[in-house]
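Subject: Handing over a structure, with notes on what was found

Dear colleague,

I am passing this structure on to you, and below it you will find my notes. Please keep the sequence and the 3D view open while you read.

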Amino acid sequence: MKDKIKIFLDSDLLEKYLLGTTTELESLQVERYIAMYPEVRETYAELQENLEIFAKLHAIEAPQGLKDKINARIKAERKGRKRFYSYAIAASITAILFIGISTFFWNQNQSLQEENSVVSNKIKLLEENMKEQLEDVRNQFIVLNNPQTKKYNVKGNQKAKELKAVAYINPVKKLSYINVSKLPNIPESQCFQMWAEVNGKMINLGIIEEAGDQQKLLALPYAENAVGYITIEQKGNNQAPTVENIVANIAY
């Protein structure tokens, strides 16, 4: 019986159930296990608490003023259309005399529609960005709470003795993250940069800063026999790592 419970807890059914991604049959199985086994209930309660902490830490707020801008744009469009229709009626009475006015307001209406399209596109991009961030939060939650995740302590070499980081690698879910908790002081003209060598290709992951919090993770591209590097670079558009300035590496 204990083996059966262990196999269930080692799976990701509880995480999926919490995130609402289980099938109907999987949901029934999870609910049955929660009701029958105290160990499962305890783990489920712990995951609920962790998820709540994650949600609070990663709450995504829409940009300030976006709602007001959208409402103002909608009101402006409605007023513009009402104006357009009023002048269109007047133009129909004296079509020849006021054809110029009619054309002017038609152009204004077209401009309003184009601006409205721009606003709609911005909202769509915002929604897509929020979905990506929520997906990243979901993956972080799985990595930190899944028993199959491997944890690697990362330390700097002689050039960065104070550097400390922890890498979290889950070969089953094919997810990998790193948390950099400590970085040495370096001149303002320099920065620490993260790289990953995946399938023979070097990927620039950008400038890294101290997280100071286990919940703040930087995603690493997952691949078998991948290697991550941290280097010291001059600030600017660095497209390749400076090999002699590698201060830490992570093989995963």
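Two strands are said to pair if DSSP finds at least two bridges between them, and the elements themselves, helices (H or I, at least four residues) and strands (E, at least two), are DSSP runs numbered from the N terminus. Please bear in mind that this is a predicted model, in which local features need pLDDT of at least 70 and side-chain atom pairs count only at pLDDT 80 or more, while totals for chains, interfaces and linings use all residues. Residues are numbered from 1 along each chain as its sequence is written, and side-chain values use heavy atoms, with hydrogens and water left out.

Of its 252 residues, 31% are buried, where buried means under 20% relative accessible area, exposed means over 50%, and partly exposed lies in between (1.4 Å probe, protein chains only). If we take contact to mean heavy atoms within 4.5 Å, then among the contacts between residues at least 6 apart in sequence, 61% join residues at least 24 apart.

Let us turn to the strands. Strand 2 (residues 164-170) and strand 3 run antiparallel and are joined by seven bridges, with I169 standing opposite S176 of strand 3. The two strands form a hairpin that has four residues between them. Strand 3 (residues 175-182) is mostly covered, since six of its eight residues are buried. Strand 3 is also joined to strand 6 (residues 218-220), by three bridges and in an antiparallel manner, and here the bridge partner of Y177 is A219 in strand 6.

For background, most residues other than glycine have a negative phi. K174 counts as partly exposed because its relative accessibility is 49%. A second case is N199, with a phi near 50°, which is placed in the loop between strand 4 (190-198) and strand 5 (201-208); N199 counts as exposed because its relative accessibility is 70%.

There is also an open sheet of four strands, in the order 5-4-7-8, with antiparallel pairing. Strand 5 and strand 8 (246-251) stand at the edges, each with a single partner strand, so one side of each is left without a neighbour in the sheet. Within this sheet, strand 4 and strand 7 (residues 227-234) pair over eight bridges, and W195 has Y229 of strand 7 as its bridge partner.

The next topic is the nonpolar cores, a nonpolar core being a set of buried Ala, Val, Leu, Ile, Met, Phe, Trp, Tyr and Cys residues joined through side-chain atoms within 4.5 Å. The largest of them has 23 residues, and those with the most contacts inside it are L163, F192 and I230. Strand 2, strand 3, strand 4, strand 7 and strand 8 each supply at least two residues of this core, and its largest share, four residues, comes from strand 4. Leaving aside neighbours within four places in sequence, L163 is in contact with several residues, among them V154, F192, I230 and V247. A second, separate core of 13 residues includes F8, L18, Y37 and F141.

Finally, the structure holds three aromatic pairs. Rings of Phe, Tyr and Trp (its six-membered ring) pair if their centres lie within 6.5 Å, and planes under 30 degrees apart count as stacked, over 60 as edge-to-face and the rest as tilted. The rings of Y17 and Y44 have their centres 5.9 Å apart and their planes at 55°, so this pair is tilted. The pair links distant parts of the chain, with Y17 in helix 2 (residues 13-18) and Y44 in helix 4 (residues 38-57), 27 residues apart. Y17 is partly exposed, at 21% relative accessibility, whereas Y44 is buried, at 16%. Y33 and Y37 form another tilted pair, at 5.2 Å centre to centre and with 55° between the planes. Y33 is buried with a relative accessible area of 5%, as is Y37 with 8%, and together F8, Y33 and Y37 form one aromatic cluster.

With best wishes
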